[in-house]
Amino acid sequence: MPDLNCTYRPPLVKCNGFDSRAFRWAQTMRLAVEEINQSTELLHNYTLGYKIFDSCSYPLTGQRAALAMLNGLSEDNSPTCSSASPLLAVIGESGTPQSIVLSRILQPFRIPMISYFSSCTCLSERRNYPNFFRVIPNDDYQVKAIAQLLVHFNWTWVGLVRGDREYGRYAMEGLLRELEGTKVCVAYQEIIPLLYNRRRVLEIMQVMRSSSAKVVVVFLDEGEMTPFLRDYMTQNITGIQWVASEAWVTASVFSGSEYYPYMGGTVGFGIRKGHISRLSEYLQTVNPWMYPSSLLVKELWESLYGCSASQSFSPHLPLCSGQESLLKQHSAYMNTSSPRVAYNVYKAVYAIAHSLHNLLLCQPGNGPFQNNSCAQSNNIHPWQLQYYLQEVTFNIAGEKVNFDQKGDSIPYYDVINWQRGTGGNTEFVNVGLFDGTKPAGKELVIHVDRIIWAGHQSEVPVSVCSASCLPGSRMAVRHGEPVCCFDCVPCDSGKISNQTNSIECTFCPEDFWSNKDRTACIPKMVEFLAYDSLGTALTVISVVGACLTTAVFAVFFYHRSTAIVRVNNSELSFLILLALTLCFLCSLLFIGEPTSWSCMLRHTTFSITFSLCISCILGKTLVVLAAFTATRPGDNIMKWLGPKQQRLIIFSCTLVQVVICAAWLLDAPPFPSRNTQYERSKIILECSVGSSLAFWCVLGYIGLQTCLCFVLAFLARKLPGNFNEAKFITFTMLIFCAVWLAFIPAYISSPGKYADAVESFAILASSFGLLFCLFAPKCYIILLKPEKNTKQYLMGKENK
């Protein structure tokens, strides 16, 4: 490229090198023109002419060629407007920048042009390019296909590389637009400079090497890709999965074996493959001796064989022998097995031919122009041909060809995969298709089992910023980073996620809870004081206590005539033992699944039996205190504490508790409830007290009885006698109070079934305290010290 620093008049642009692939496209156009001229069905009695100009793949050179073409002059002459041009249509260009320049030059003359390789979306803007048509799909479809490909393989972390031209810029913008709303994020965007800068390119390659994105989408044309790949291979970078645009995915120049270790496994979208039956045979007829005046043919021979067809053309090269023949290794020129761009050239020529054919078939009076006129066959204007080009529809080799209102053709791509050939070279294998005419979401069809990936692997490569969050966790986006970069946070208890990469964890229904892995909701564990290890232990203790109480009852009944039984009021003793037996057994009501009846019985039975027991002890304490305080002769205090009075005291004290319980049951009785608040992972079946006031009144009344009994027994603790029962009653009440004072905080703080266990244990502990403290000393005398079981000894009046 010339130095455009505006300090001096730049020299003419000189083309360097020779593109055999582009020359094959030019020969394809010549073949199509010859076929049409020989046809008896298409443009019969009319002959198509053509002229080929070299744009050198550079906009300024293309501009010079366009002006020369319009003036009917050679490229070497001064491009000044001197006469009108007989030009009706142009086939070209291959590159988007050249097509933009060419279209704008042709626009004032309303000359239509058909591009075979310019896919930039920008060229679909009809207001800016009203005369532009193309037989290659618009890049809008290509970026849509690439976006679907990335989503299909779950490549959510990708790099983007493009050229600094309209093609790369519009394609990149379109792809980013397509990726909005998907899970694909862009790790980096890099631009290859328009004037190739190796230092800048090496910086880009360092970004690619260090990035965790292993998939790179590239929008470059063949000319831009060639130096880039040359430097890429010198850096020995491997492990990248390339996604190629149609501009270079089928370029024969990259089919050499040296490219495969670095580019093997490349996947991209290629132009639809066609079939041109005579193309291979036609290309082999081209040589400098068949076309001695063609400079391009001489350049072809020089490029392929490194020799000069004539001594005057390239004097520095050896003269060709004339025996050179085109071989398969000249793939850039001779690759006709699957023509793609060449097939587009072929279709473009036929599109012009069919449009001309339709124009010439116009019947006067039925034409599309002013006053229903037709075009004159000897004076066809380019704008008239453009009208028919816009409306043309024809089939070629079974494929329908037409143009929409933007001049675009039917969107169709082959999915291409670079695989190793038998000779180590790269083969472009068709592994799927993209049909833009299909319904949304069904355009892309890929045969994954046919694909060989980068590194000659059969497994789909992974390219993610963060590994997928497994079920049981959720994604937490990192602050300041793309949404594809996240941490996996386990779901909280009671929440689940049963899908990969869940954004949120969902709550389980009320009666369900999350499993250990937080992947499913399972029924909550139902908990109550069952007959398991704890329930069985309490049951055994309860039964043992009831049996011991019964045994003591039997001992007392058998020795009911002895002094110790009679002196200590046998009737009250038997009543206390009966109440204690009920106390031991009522703890069984706290074991098992709560029901309406068990909830009402457990608290009322416990309170009434304990109230009865304490009332009996209170009565006994009063009798002891009265008996030893009646010191004056004639004191008749005992007549107020006779058997009837004692029964009345016990009945009255117990009746108060019965009334409280009755009011409790009538107003707000205890009921079974499902507690899900204390421990959310369980359903605790418990008995709700119904009325908290009634519950604490019941306990408070028992506490009041206990305190009163304790005070009276404490006052009588020093009365004379060898067996002062007031001492034992005092100690009994101390134990009873200690047990129930400890019960209150333990009950309140105990979770679930343990609250019932604490209450049951308190009942058993206080019952055992009453049994042992009150009756163990008496049983000791009855069974082990019968000699002390006399009234004299008990009253402390035995002989010294």
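Let's start with cavities: this structure holds one cavity of 30 Å³ or more. By cavity I mean, on a 1 Å grid over the protein atoms alone, a set of points where a 1.4 Å probe fits but cannot get out, with lining residues having an atom within 4 Å of a point. Grid points are joined across faces, edges and corners, and the volume is the space filled by probe spheres set on the points. On that basis, about 110 Å³ of space lies in the largest cavity.

A quick word on the source: this is a predicted model, where local features need pLDDT of at least 70 and side-chain atom pairs count only at pLDDT 80 or more, while totals for chains, interfaces and linings use all residues. Residues are numbered from 1 along each chain as its sequence is written, and side-chain values use heavy atoms, with hydrogens and water left out.

Back to the lining of the largest cavity. It is made up of Arg21, Arg24, Trp25, Thr250, Ser252, Asn335, Ser338, Pro339, Arg340, Val341, Ala342 and Phe428. Helices here are DSSP runs of H or I with at least four residues, strands are runs of E with at least two, and both are numbered from the N terminus. H1 supplies the largest share, three residues. By class, the lining has five nonpolar, four polar and three charged residues. For those classes, Ala, Val, Leu, Ile, Met, Phe, Trp, Tyr, Cys and Pro count as nonpolar, Asp, Glu, Lys and Arg as charged, and the others, Gly among them, as polar.

H12 also packs on another helix. Its axis and that of helix H13 (residues 382–391) come within 8 Å and cross at roughly 105°. That makes H12 roughly perpendicular to H13. Axes are lines fitted to C-alpha atoms, for helices over the stretch in contact, and angles run from 0 to 180 degrees between N-to-C directions. Angles under 35 degrees count as roughly parallel, over 145 as roughly antiparallel, 65 to 115 as roughly perpendicular and the rest as oblique. Ala351, Ile352, Ser355, Leu356, Asn358 and Leu359 of H12 make the contact with Gln384, Leu385, Tyr388 and Leu389 of H13, contact meaning heavy atoms within 4.5 Å. Seven of these residues are nonpolar, three are polar and none is charged.

Now to H2 (residues 59–71), which is where proline 59 sits. Beyond its neighbours within four places in sequence, proline 59 is in contact with Pro97, Gln98 and Val101. How do the axes of H2 and helix H3 (residues 96–106) cross? They come within 9 Å and cross at roughly 30°, and H2 and H3 are therefore roughly parallel to each other. The crossing is right-handed; a crossing is right-handed if the near helix is turned clockwise from the far one by less than a right angle, and left-handed if anticlockwise. On the H2 side we have Pro59, Gln63, Ala66, Leu67, Met69 and Leu70, meeting Pro97, Gln98, Val101, Leu102, Ile105 and Leu106 in H3. Ten of those residues are nonpolar, two are polar and none is charged.

For another helix pair, look at H16 (residues 570–586) and H21 (residues 753–784), which pack at about 150° with their axes 9 Å apart. They are therefore roughly antiparallel to each other, and H16 passes H21 in a left-handed crossing.

Last, two backbone details. Glycine 92 and glutamate 93 are joined by a cis peptide bond, with omega about 0°, and glutamate 93 lies in the loop between strand E1 (90–91) and H3. Asparagine 45, in the loop between H1 and H2, has a positive phi of about 75° although it is not a glycine.

Conventions:
On a 1 Å grid over the protein atoms alone, a cavity is a set of points where a 1.4 Å probe fits but cannot get out, and a pocket is an open set with protein on both sides within 12 Å along at least five of seven lines; lining residues have an atom within 4 Å of a point.
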